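Biologist: Could we go through the aromatic side chains of this model, and then its pockets?
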Amino acid sequence: MVLHVPHILLPKDNWEKWAVIACDQHTQDLEYWKRVEEFVGDSPSTFNLIYPEIYLPLDENRVNKIHKTLSDYKKILVDHGPCFILVSRSVSDRDRIGLVVAVDLEEYQFNGLDSIIRPTEGTIKERLPARIRIRENAELELSHILVLYNDPDFTVIPRNTDDLVCEENLVYDFDLMENGGHIKGYRISNEKIIKDISDKILNLGTLLVGDGNHSLAAAKSFWEKIKGTVEEDHPARYAMVELVNIHDPGLSFEPIHRVVSGIDPEELLRKFDARIERVQDRPSNLDLSAKEHSIGFITKDSSGVLVFDNPVHDLEVETLDEIIDNYSVEYEHDPEVVEKLGRKQGNTGFFLPPLRKSEFFTLIKKKGALPRKSFSLGKENEKRYYIEARKITI
């Protein structure tokens, strides 16, 4: 089976301080993580169990402290037994439904397209050692991984979930810190329902890793490292993820923009085989989807749109990255941040259109893994928070 039923561990209370956003968010915003640290204080929190990427390169003392805290927290977590968790998340005026499960890493390949569970972006091997180092001596696993399935008829999780869960199944219900919205979690332990969900997921076929590919790749790498020395059904064979139907109306695809520094902006713009249309309007307000294959830009002295009449590539992100990959590039979700940084002397901000989620599975089937940072599942404050935990040691 592709799905595995995880043994879920959850805190007793103090949820808002416990749940912290994915470690690979706000990588240019140290103030965000300082606020989180101050808000958490001495309370038990997943902040003490993760390594926010803004603090890279890896500090071994911090890693050792994470491992010790993971061991200590086993005493304060409540064992909810083997189950799935149905997640209802309200944020940015949208509701999104997900299902926390574990997936079999034997069904996942991060460098190929033959497996049932597939990456959607290229895996940067240089990003794996730090994540593997954290996982290899960890007793518990937390997860910010979102995996997409293609279910236009909502056969796995129906639009009305009353037949799956009720208020008696509610295990958490609270506001997430830092404008993360509201979240509810419902325990699903009925064996018949779990089997039905698992069978339907298997019948749908391909699952695509939407967020957290490097974390899943690190889990896979660690499993490959130890699997010859442990039992076949060892807990580390599995990784906890949240499944989300790509057709869920609460799931949005957002572009990840770029800011380039270290080259004269006008010289950089001339490197593109494109018509340059200068505009007075803020480029972050432009509807790029109204123009065929176009990329917005902003510099200290001008702004506009690059329009490609005969593009070589299918996607704007491919066209852009082909030119800028050899320069210093920052990746940003917020167009206002791109605008601010792009107006600095010597910088150029680029704005990309979003991918069409209705065509996403077809796109991956055609192209395989996309360039890194090709898309984002929602805005930064909509990213998954760490809540559930499970043991990955015996």
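Modeller: Ring pairs join W15, Y172 and F174 into a cluster. Rings of Phe, Tyr and Trp (its six-membered ring) pair if their centres lie within 6.5 Å; planes under 30 degrees apart are stacked, over 60 edge-to-face, and the rest tilted. This is a predicted model, in which local features need pLDDT of at least 70 and side-chain atom pairs count only at pLDDT 80 or more, while totals for chains, interfaces and linings use all residues. Residues are numbered from 1 along each chain as its sequence is written, and side-chain values use heavy atoms, with hydrogens and water left out.

Biologist: How many aromatic pairs does the rule give?

Modeller: The count comes to 12 aromatic pairs. Among them, F360 and F375 are edge-to-face, with 5.0 Å centre to centre and 70° between the planes.

Biologist: Are F360 and F375 buried or exposed?

Modeller: Both F360 and F375 are buried (under 20% relative accessible area, with exposed over 50% and partly exposed in between; 1.4 Å probe, protein chains only).

Biologist: Which charge lies over the face of F154?

Modeller: R159 does, at 3.9 Å from the ring centre. Likewise, K17 lies over the face of F39, at 5.6 Å from the ring centre. The rule requires NZ of Lys or CZ of Arg within 6 Å of the ring centre and within 35 degrees of the ring normal.

Biologist: Changing topic, which residues lie nearest the centre of the largest pocket?

Modeller: They are C23, D24, Y51, E53 and R131, and 44 residues line the pocket. A pocket is an open set of points on a 1 Å grid over the protein atoms alone where a 1.4 Å probe fits, with protein on both sides within 12 Å along at least five of seven lines; lining residues have an atom within 4 Å of a point.
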